[in-house]
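Welcome! Please open the model in your viewer and get ready to select a few pieces, one stop at a time.

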Amino acid sequence: MKNKGKILLYISLILLLGILLINIMNYVNGYNNNLYRYDIQKKECLNLIKENKLGNDSKKEFCQKIVENNYVKDDFFTAFSVIIHDGLYSLSSLMILFLIIPSSYYICKVFKNNVIQNELLRENYLEIKKKLFKDAYKTAFIIPTIVIIGIVFCAIYTKNFNYKSAIENSTIIWSAKTLKYGWLFIILYILNIFIHSLLYINIGLCVSRKHHNFFASIILSFLIFCGIEALLEISSWLIFGTLLKKEWAVMFNIMNMFSYNDTFGIFSPIVVPLIFMIISFVIVYIMYKNKESLIIDCEKNN
């Protein structure tokens, strides 16, 4: 990856890391505030009990619960849900930009300036493609890296993997059947992020193959991404929701890589993005297969 491409990659990584740190600080502050309020309420209740000033039955019942029960500390999955899922969910539609901007820059530069002509004098086309793709796919590790950092923090901070409390308190969106296999869920969650990342990069590669202007390629890639998502949601709702009366439409989503909707089992969220990722690789292979066609398209930039 050339210098400017590396800079764009580091910018994406730093921005996402900054967002993660903000999520972590918000979570820690919220947790500490709740713990502080609990301690204040417990002290007040102890004073009321000592002075026999509890008053009505509801206040008495409330104070008894406060005094008899310790503050329930958050478990790993609650922290993970707040920091990763809730914290990044609102940015789901923008995640593709964090990937295609650094991954498409160098390849657009090579095609736009017709650098490939000079490269072909020194190397064969296959080696050139390997370098281009290796450069582009490096960015696929950005978001999984951020998620792994978040996971490590949650594990160290909570030291509590008891998912049952998260289920009972409804602090998570995933089922007990899924969290029963906690580490498998975490591995699949990261794998799902990686699969989405590869799919997004492939969309950018397909667009960059024909549109060599960097900014035009980014805008068009994002519009195509949104178009695919809209088409998936509408078609799946019509086919499964209206015609077949099934709830499978929730699986047909490539935009939100963070929700991991396990309605149909722990492996179900990966199925659709995996299929689309494989299809995208096939399309990339076809679009980059013909050397002569690529050279002709690059010469049009002169």
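Before the first stop, one term: contact means heavy atoms within 4.5 Å. Keep in mind, too, that this is a predicted model.

**Stop one: helix α12.** Select residues 268-289, which form helix α12 with its 22 residues. From first C-alpha to last, α12 reaches 33 Å, close to the 32 Å expected at 1.5 Å a residue. Now show the side chains: the buried residues of α12 are S268, P269, I270, V272, P273, M277, S280, V284 and Y288. What covers them?

**Stop two: Y260.** Step back to the loop between α11 (214-243) and α12, where you will find Y260. Its phi is positive, about 50 degrees, although Y260 is not a glycine. Is Y260 buried or exposed? Y260 is buried, with a relative accessible area of 1%.

**Stop three: N114.** Next, pick N114 in the loop between α4 and α5 (115-122). Here is another residue other than glycine with a positive phi, near 55 degrees. N114 is buried too, and its relative accessible area is 10%.

**Stop four: α5 and α13.** Finally, select α5 together with helix α13, residues 291-299. The two pack with their axes 9 Å apart, at an angle of about 140 degrees, which means that α5 is oblique to α13. To see where they meet, display I116, Q117 and L120 in α5, then K291, L294, I295, C298 and E299 in α13. The residues of this contact divide into 5 nonpolar, 1 polar and 2 charged.

Terms used: Residues numbered from 1 in each chain as written. Predicted model: local features only at pLDDT ≥ 70, side-chain atom pairs only at ≥ 80, totals over all residues. Heavy atoms only, no water. Helix = DSSP H or I, 4+ residues; strand = E, 2+ residues; numbered from the N terminus. Expected span 1.5 Å × (residues − 1). Buried < 20%, exposed > 50% of the residue type's maximum accessible area, 1.4 Å probe, protein only. Axes fitted to C-alpha atoms, helices over the stretch in contact; angles between N-to-C directions. Parallel < 35°, antiparallel > 145°, perpendicular 65-115°, else oblique. Nonpolar A, V, L, I, M, F, W, Y, C, P; charged D, E, K, R; others polar.
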